[in-house]
Amino acid sequence: MTDFSGLAIAGRIATPDDADWDQARMAWNLAADQHPEAVALVESADDVAATVRFAAANGLRVTAQGSGHAALSLPGLEGTILIKTERMRGIAIDAEAQTARVEAGVLSLELGEAAQDHGLSFLPGSSPDVCVTGYTLGGGLSSSLGRRYGFACNRVRAIELVTADGEQRTVDGDNAPDLFWALRGGGGDFGIVTALQLDLVPVAYAYAGALLFPADVGAAAIRAYRDWTAGASEDVTSDVRFLSPPDIPDVPEPLRGKKLLVIDAAVIGDQGNGEATIAPLREIGEPILDSFGQIPSAALSRVHMDPEQPVPGLGHHRVLRELSDAAIDAFVAAAGPDSGSPLLLAELRQLGGALGRPAENAGALSHLDAAFVMIGIGMAMGPEMSQAVDAHLDKLHEAMEPWAADGGYFNFADRPCDADALLPPDVCARLGEVKRQWDPDGRILGSHAVSLDATA
């Protein structure tokens with residue numbers, strides 16, 4: 001076993017000998033049972049650099065984790081120091097330039113609130129407590145602003161990181177441009193990021209919320225939603241999902257144990273425009289709950305109602321080139337109220353707009369050439385339930401295969417797989433070149449690893 005007494009940082013090194021080891025190694029996703037050699041609870045870029053240099057000197061690898069929502073996508077952590085950046089929470093907003101600098105432990109809601117104070121927003125996903133850095137490097141598919149502004153990774157101005165040689169660097173379009181390109185949507189395989197410099201967007205408020213219907217509105221409701229999305233402007237980002245909230249006190253009483261069909265949306269603009277845009281959806285039926293209203297941009301990450309505390313979750317996804325009537329029927333058969341599904345949710349999220357166009361000066365993830373992305377998530381509450389959830393995720397994935405587009409999306413790929421299962425061959429070849437240049441020994445371990453052998 002490695003002697004970590006020689007690793008001096010301002011933060012803390014936790015090892016299996018510590019009484020709180022299980023807490024130290026725990027990820028946000030409690031289904032991930034992480035067993036690294038040690039956990040470095042870093043407080044600065046200097047701490048990160050010292051940890052990377054120590055790892056190199058002792059034949060160890062390193063990997064980074066902000067919150068651990070995507071911890072299941074990591075391969076085994078044997079021989080690896082897990083660098084947790086959760087203590088690095090600095091945020092600086094330049095309101096005039098409409099930019100932000102965020103350290104590697106900042107959470108989505110924290111950045112949202114800081115930007116909101118200046119009438120601005122970043123591009124939040126559906127989780128308030130996901131780490132901004134991991135979310136952004138994995139692509140950053142905003143559930144509220146994505147169709148207008150594209151992927152968050154392509155609004156990064158510069159990245160501060162420690163590379164495999166232990167050096168602190170700042171990369172951008174002029175400094176190490178290939179590394180800057182790879183980090184934006186190519187996974188966490190190229191360095192340990194310590195801060196991001198981001199472009200914000202001028203959105204202070206949006207008309208957003210959810211309509212919750214009984215699940216038996218079924219295929220007809222999803223078709224109505226699909227037809228509505230066909231005419232929706234790029235100022236509208238939305239999704240539809242079957243949701244089965246558990247019968248627990250944390251869930252509002254009218255929703256506990258109910259099978260629901262939920263439509264979420266965010267409309268950029270004033271309340272009058274938002275109400276007119278959403279009006280056709282209200283004609284689907286009488287909702288159990290209608291939460292739509294004009295809300296501050298900081299609240300957008302809460303519209304989807306994701307849990308804000310660690311939970312054990314398993315997931316799977318598939319990008320879809322179309323959502324035909326037959327595709328909807330297959331989705332309902334696999335995930336609807338009569339399917340016997342044990343999943344917490346099965347979702348169809350509209351893509352298109354800026355998400356579907358190549359971004360200017362884009363990173364490794366430029367856009368997704370697909371109409372919708374399907375996501376399934378289930379709670380892994382014990383081995384028997386985990387097995388049932390995993391099997392049904394496979395069933396849902398296979399059911400949508402006839403309408404599948406190529407590739408996938410990093411942040412929804414909860415199962416370990418290589419980058420070539422998600423990104424085009426030419427992108428993977430270029431990522432392989434970057435990996436060979438900046439980390440020839442494979443010191444940095446990321447989710448969905450890039451092969452050192454990948455060539456054009």
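Helices here are DSSP runs of H or I with at least four residues, and strands are runs of E with at least two. Counted that way, the protein has 11 helices and 17 strands. Keep in mind as you browse that this is a predicted model.

How does the overall size fit the chain length? A compact globule of 456 residues would have a radius of gyration near 23 Å, and the 21 Å of the protein agrees with that. Along the principal axes, the C-alpha atoms fill a box of roughly 65 × 55 × 45 Å. Of the contacts with a separation of 6 or more, 73% join residues 24 or more positions apart.

Now for the interior. In soluble globular proteins, nonpolar side chains tend to be buried together.

| Core | Size | Residues, among them |
|---|---|---|
| Largest nonpolar core | 48 residues | Leu 111, Ile 159, Leu 179, Leu 183, Leu 431 |
| Another core, apart from it | 41 residues | Val 236, Ile 263, Ala 380, Leu 396 |

Which residues does Leu 179 contact, leaving aside its neighbours within four places in sequence? Leu 161, Thr 163, Val 171 and Phe 190 are in contact with Leu 179, and so are Val 434 and Trp 438.

Key
Residues are numbered from 1 along each chain as its sequence is written. This is a predicted model: local features need pLDDT of at least 70, side-chain atom pairs count only at pLDDT 80 or more; totals for chains, interfaces and linings use all residues. Side-chain values use heavy atoms; hydrogens and water are left out. The radius of gyration is taken over C-alpha atoms; the globule rule is 2.2 Å times the number of residues to the power 0.38. Contact means heavy atoms within 4.5 Å. A nonpolar core is a set of buried Ala, Val, Leu, Ile, Met, Phe, Trp, Tyr and Cys residues joined through side-chain atoms within 4.5 Å. Buried means under 20% relative accessible area, exposed over 50%, partly exposed in between (1.4 Å probe, protein chains only).
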